[in-house]
Amino acid sequence: MGILDGKVALVTGAARGQGRAHAVTLAKEGAEVIAIDVDQPAAYVQYSHATAADLAGTAKAVEALDRRILTRIADVRSQEQIDAVVAEGLETFGQIDVVVANAGIYTQANFWEMDEEMWDDVQDVNLKGHWRTMKAVAPHMIERKRGSIVLTASWGHLPAL
Ligand SMILES: NC(=O)c1ccc[n+]([C@@H]2O[C@H](COP(=O)([O-])OP(=O)(O)OC[C@H]3O[C@@H](n4cnc5c(N)ncnc54)[C@H](O)[C@@H]3O)[C@@H](O)[C@H]2O)c1
């Protein structure tokens, strides 16, 4: 018996890293999972990015726990794409109880050297992406009068001067 038996959790940025760990932990506790990741990160992301194969790896890990998972390539920069996955998730599982807005990117650029496009891209994923994710599930949770939303934030670094 897990504390999330019968529950359904949506995780963004679920292909690897903390997102995959969240998906697997939620499944270990009994939840079915809806897992979203992107195939094209913001243009300037300089580190290796997640792939569809990574997302498939998350699916394999969840299925190994005898939990169901719906994986979709979707970008938190697009309300339309998130809404579509939420609609499909609701059709598949009937409910969403937990949302983990985890998708995020970072830049190693110093803030005084960033241009506005780079700044806007980070906000578009890390801040607006979370808002879009919450916006997609909020009506369903309000209607059911239940649901939990977990947001992962990022803390910018200041270099030693
Ligand atoms: N690792 C750290 O030290 C650290 C520190 C503070 C905060 N965080 C935050 O924790 C979260 C997870 O970080 P991580 O270390 O696992 O990084 P990660 O790069 O391994 O995972 C982030 C995931 O988000 C996905 N993603 C990026 N842009 C997306 C988009 N537009 N739409 C959908 N998915 C997108 C990536 O493809 C990736 O799978 C992020 O929000 C990050 O900002 C991490």
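User: What counts as a nonpolar core here?

Analyst: A nonpolar core is a set of buried Ala, Val, Leu, Ile, Met, Phe, Trp, Tyr and Cys residues joined through C-beta atoms within 7 Å. Keep in mind that this is a predicted model.

User: How many residues has the largest nonpolar core, and which have the most contacts inside it?

Analyst: The largest core has 34 residues. Ala9, Val11, Ala23, Val33 and Ala35 have the most contacts inside it. At least two residues of this core come from each of S1, H1, S2, helix H2 (52-63), H3, S4, H4 and helix H5 (128-144).

User: Take Val11. Which residues does Val11 touch, beyond those up to four places away in sequence?

Analyst: Val11 touches Gly19, His22, Ala23, Val33, Ala35, Val100 and Asn102.

User: How do I read strand pairing around S4?

Analyst: Look at the sense and the bridges. Strand S1 (residues 8-12) pairs with S4 in the parallel sense, over three bridges. Strand S5 (residues 148-151) also runs parallel to S4, and four bridges join them. Within S5, Ile149 is the bridge partner of Val99.

User: What should I expect of the two faces of a strand?

Analyst: In a regular strand the side chains alternate between the two faces of the sheet. Now the case here. In strand S4 (residues 98-101), Val98 and Val100 lie on one side. Val99 and Ala101 lie on the other. All four are buried, so both faces are covered.

User: And a helix? Which residues of H4 are buried?

Analyst: Asp121, Val122 and Val125 are the buried residues of H4. Seen down the axis of H4, they fall within an arc of 95°, so they line one face of the helix. These buried residues pack against H5.

User: Which exposed residues sit on the face of H4 turned away from the buried side?

Analyst: That face carries Glu116, Asp120 and Gln123, which are exposed.

User: Where does Arg72 lie, and is Arg72 buried, exposed or partly exposed?

Analyst: Arg72 lies in strand S3. Arg72 is partly exposed, because 16 other C-beta atoms lie within 10 Å. Arg72 touches Ile36 and Val85, not counting residues up to four places away in sequence.

User: How does separation in sequence compare with separation in space?

Analyst: Read both values for each pair, C-alpha to C-alpha. Arg72 and Ile82 are 10 residues apart in sequence and 9.6 Å apart in space. Arg77 and Ala27 are 50 residues apart in sequence and 26 Å apart in space.

User: Now the ligand. Which residues come nearest to the ligand?

Analyst: Of the 27 residues around the ligand, Gly13, Gly17, Ala50, Ala103 and Gly104 come nearest.

User: Which element gives the most to the shell around the ligand, and what is the make-up of the shell by class?

Analyst: H1 gives the most, with three residues. Helix H1 (17-28), strand S2 (32-37) and helix H4 (116-126) each supply at least two residues. By class, the shell has 11 nonpolar, 12 polar and four charged residues.

Definitions and conventions:
Residues numbered from 1 in each chain as written. Predicted model: local features only at pLDDT ≥ 70, side-chain atom pairs only at ≥ 80, totals over all residues. Near = placed C-beta within 6 Å. Nonpolar A, V, L, I, M, F, W, Y, C, P; charged D, E, K, R; others polar. Buried ≥ 20, exposed ≤ 12 C-beta atoms within 10 Å, placed from the backbone. Pairing = 2+ DSSP bridges. Contact = placed C-beta atoms within 7 Å. Arc of directions from axis to C-beta.
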